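Visitor: I would like to learn how to read a protein structure, one feature at a time. Could you guide me through this one?

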Amino acid sequence: MTGIFAAGEKALLLDSKKRRYLIDLADDGEFHSHNGFVAHSQIVGEPEGIFVNSTKGAEYIVIRPTLEDFVVEMPRGAQVIYPKDLGPICMLADIGPGVRVFESGVGSGALSMTMLRYGAHITGYELREDFANRARKNVASFLGEEALERYDVHIRDGYEGIDPEHGPFDRVILDIPEPWQVIPHAEKVLQAGGIFLAYTPSITQAAQVREALRGKWIDTRTIEVLHRGWHIEGHAVRPDHRMVAHTGFLTVGRFLGLKK
């Protein structure tokens, strides 16, 4: 990646009200809004951080999108896990280069592409083929086609089991309604010392996961991540009136192995 924009790359346009617009650059492309349009030719061949004007005089700053930008703005079929939880999931699950992950409920691929960005190898189970296809497209769109070499998605139901031929795994990460049903299957394919993590919207779901993580599991815990911004303008400093509070609970545990 260089500092010069090229056709086929993504760009993020920021207007005067800090609204963000994600576009795919094309030689003959145009970005349209109620403020007129911006020809992509004004951006292609130019460096990041340039200012462009629409046909109606609206000014935009043009930068490359971060993974956070893409997750929030990308095409989706299923509800995504938002950035405030994606970072903690990768830290709690200790995602890193070469880590073998089983993921069920890949949805639109937000968590998948975050773990792939960390260097993981992912085997995913997804019930809906349209979601699986969308996840693959989103991964390739942001990370490049080569990322798909580490991303193997199957149209399968994780509740029914995990094919041993797809394992073994170092991590099992679930974003499905009843993750406790997968725990017995996870115990058959997860390496001793491996990590299980479930993302659940309700605390009753988290409680059922914790109940299922008894016996062969240690260091189990459930956390909730809250995100509050701050208004800072000169000496006027205060918390924002709105905050991103509850999205989901993260329940994590480490596997002792089947010997115990």
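Visitor: Which residue in S11 is the bridge partner of Ile173?

Guide: Let me begin with the terms: strands (E, at least two residues) and helices (H or I, at least four residues) are DSSP runs, numbered from the N terminus, and two strands pair if DSSP finds at least two bridges between them. Here the bridge partner of Ile173 in S11 is Leu197, and five bridges join strand S10 (residues 169-174) to strand S11 (residues 190-200), the two running parallel.

Visitor: What should I know about the model before going on?

Guide: This is a predicted model, in which local features need pLDDT of at least 70 and side-chain atom pairs count only at pLDDT 80 or more, while totals for chains, interfaces and linings use all residues. Residues are numbered from 1 along each chain as its sequence is written, and side-chain values use heavy atoms, with hydrogens and water left out.

Visitor: How many helices and strands does the protein chain have, and in what order do the strands of the open sheet lie?

Guide: The protein chain has six helices and 15 strands. Seven strands make up an open sheet with mixed pairing, in the order S9-S8-S7-S10-S11-S15-S12. Strand S9 (151-154) and strand S12 (217-224) are at the edges with a single partner strand each, so one side of each has no neighbour in the sheet. From one strand to the next, the twist averages 15 degrees, where angles run from 0 to 180 degrees between N-to-C directions and axes are lines fitted to C-alpha atoms, for helices over the stretch in contact.

Visitor: Which helix lies across strands S7, S8, S9 and S10, and how many of its residues are buried?

Guide: A residue is called buried under 20% relative accessible area, exposed over 50%, and partly exposed in between, using a 1.4 Å probe and protein chains only. Helix H3 (residues 110-117) lies across S7 (100-104), S8 (121-125), S9 and S10, and runs at about 175 degrees to S7. Seven of the eight residues of H3 are buried, among them Leu111, Met113 and Leu116. Just after H3 comes Gly119, whose phi is positive at about 105 degrees.

Visitor: Where does Val225 lie, and is Val225 buried or exposed?

Guide: Val225 belongs to the loop between S12 and S13, and Val225 counts as buried because its relative accessible area is 17%. Contact means heavy atoms within 4.5 Å; leaving out residues up to four places away in sequence, Val225 touches Lys84, Asp85, Pro88, Ala245 and Leu250. The C-alpha atoms of Val225 and Pro88 are 8.0 Å apart, although 137 residues separate the two in sequence.

Visitor: What do S13 and S14 form, and in which strand does His231 lie?

Guide: S13 and S14 form a hairpin with two residues between them, and Gly234 in the turn has a positive phi of about 65 degrees. Four bridges join S13 to strand S14 (residues 236-239), and the two run antiparallel; the partner of Ile232 in S14 is Val237. His231 lies in strand S13 (residues 230-233) and counts as partly exposed because its relative accessibility is 24%. Beyond its neighbours within four places in sequence, His231 is in contact with residues including Val237 and Pro239.

Visitor: What percentage of the residues in the whole chain is buried?

Guide: Of the 260 residues in the protein chain, 45% are buried, and the C-alpha trace spans about 70 × 45 × 30 Å along its principal axes.
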